[in-house]
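Here is a short report for a first look at this chain. Keep the sequence and the structure in view while reading.

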Amino acid sequence: MPGDQRVAVVTGGSSGIGLATGAELVRRGYDVVLTARTPGRLRDAAASVGARAVAADSADPDQFGEVVRAAGRVDLLVHAAGVMAGTFVRKESLATVESVLRTNLTSAFVVTQACLPLMGAGGRLVFLSSSSAHAPQPGKSAYSASKAGLNAYAAALAKEVERDGVAVHVVTTGPV
């Protein structure tokens, strides 16, 4: 890898928005590290777009630490990992609520804390949110809350890291 090539880490990289983002970043000349929880699917996805693959749970600090060690440095983080699960509150289990919050919100803290020490001025943190953060969905209260929390987290984080020349962005998508 040439020393001047920008490095991007993309979570949720085995499918959907994460994989499409990884493919575009490779096309634009980035050294891309895709990460997701399922190793086989991730390896195939990374190979299909010319990216590196490091399997990890983005909400697990030890596992995600391996991702950033493999990356070496991080110029861009795209946190696209997420899950839409759950049902109406009257039928919901605490385990499902905690799983959704862990995957969609706790992971944002974990990946940020791991990447920031390797990110210099000009670095970018991009978080994938959802229109459900602004227009909560009945039957998806945990998902809606996790994405609204993600937006608040990113807004606060942006104020913390702007002095270091690091920018924080939230991309809000509709249904995909």
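## An exposed loop residue

A121 counts as exposed, at 69% relative accessibility. Exposed means over 50% relative accessible area, buried means under 20%, and partly exposed lies in between (1.4 Å probe, protein chains only). A121 is found in the loop between α4 and β5. Helices (H or I, at least four residues) and strands (E, at least two) are DSSP runs, numbered from the N terminus.

Leaving out residues up to four places away in sequence, A121 touches D164 and G165. Contact here means heavy atoms within 4.5 Å. A121 and L76 are 45 residues apart along the chain, and their C-alpha atoms are separated by 11 Å.

## About the model

This is a predicted model, in which local features need pLDDT of at least 70, side-chain atom pairs count only at pLDDT 80 or more, and totals for chains, interfaces and linings use all residues. Residues are numbered from 1 along each chain as its sequence is written, and side-chain values use heavy atoms, with hydrogens and water left out.

## The whole chain

The chain has 5 helices and 6 strands. From the N terminus on, the elements run β-α-β-α-β-α-β-α-β-α-β. Along the principal axes, the C-alpha atoms fill a box of roughly 55 × 40 × 30 Å.

A compact globule of 176 residues would have a radius of gyration near 16 Å, and the chain agrees, with 16 Å. That radius is taken over C-alpha atoms, and the globule rule is 2.2 Å times the number of residues to the power 0.38. Of the 176 residues, 44% count as buried. Among contacts in the chain with a separation of 6 or more, 63% are between residues 24 or more positions apart.

Which residues of helix α2 are buried? In this helix, residues 39-49, they are L42, A45, A46 and V49. Seen down the axis of α2, these buried residues fall within an arc of 95°, so they line one face of the helix. The arc is that of the directions from the helix axis to the C-beta atoms. An α-helix has 3.6 residues a turn, so residues three or four places apart point the same way.

The face of α2 turned away from the buried side carries the exposed residues R43, D44, A47 and S48. The cover over the buried residues of α2 includes α1 (16-27), β2 (31-35) and β3 (52-53). G50 follows α2 and has a positive phi, near 80°.

## The largest pocket

The largest pocket has a volume of about 760 Å³. It is lined by 35 residues, of which A80, A81, G82, V83 and M84 lie nearest its centre. The elements that give two or more residues to this lining are α1, α4 (94-115), β5 (124-130) and α5 (141-161). The lining divides into 12 nonpolar, 19 polar and 4 charged residues. Ala, Val, Leu, Ile, Met, Phe, Trp, Tyr, Cys and Pro count as nonpolar, Asp, Glu, Lys and Arg as charged, and the others, Gly among them, as polar.

A pocket is an open set of points on a 1 Å grid over the protein atoms alone, with protein on both sides within 12 Å along at least five of seven lines; lining residues have an atom within 4 Å of a point. Grid points are joined across faces, edges and corners, and a volume is the space filled by probe spheres set on the points.

Is H79 buried or exposed? H79 is buried, with a relative accessible area of 2%. Its place is in strand β4 (residues 76-79). Beyond neighbours within four places in sequence, the contacts of H79 include T11, S58, S107 and V126. H79 and V161 are 82 residues apart in sequence and 17 Å apart in space, C-alpha to C-alpha.

T96 lies in helix α4. This residue is partly exposed, with a relative accessible area of 25%. T96 touches A85 and G86, not counting residues up to four places away in sequence. T96 and A85 are 11 residues apart in sequence and 7.3 Å apart in space, C-alpha to C-alpha.

K159 is in helix α5. At 67% relative accessibility, K159 counts as exposed.

How values were computed: 1 Å grid on protein atoms, 1.4 Å probe; cavity = no way out; pocket = protein on both sides within 12 Å on 5 of 7 lines; lining within 4 Å.
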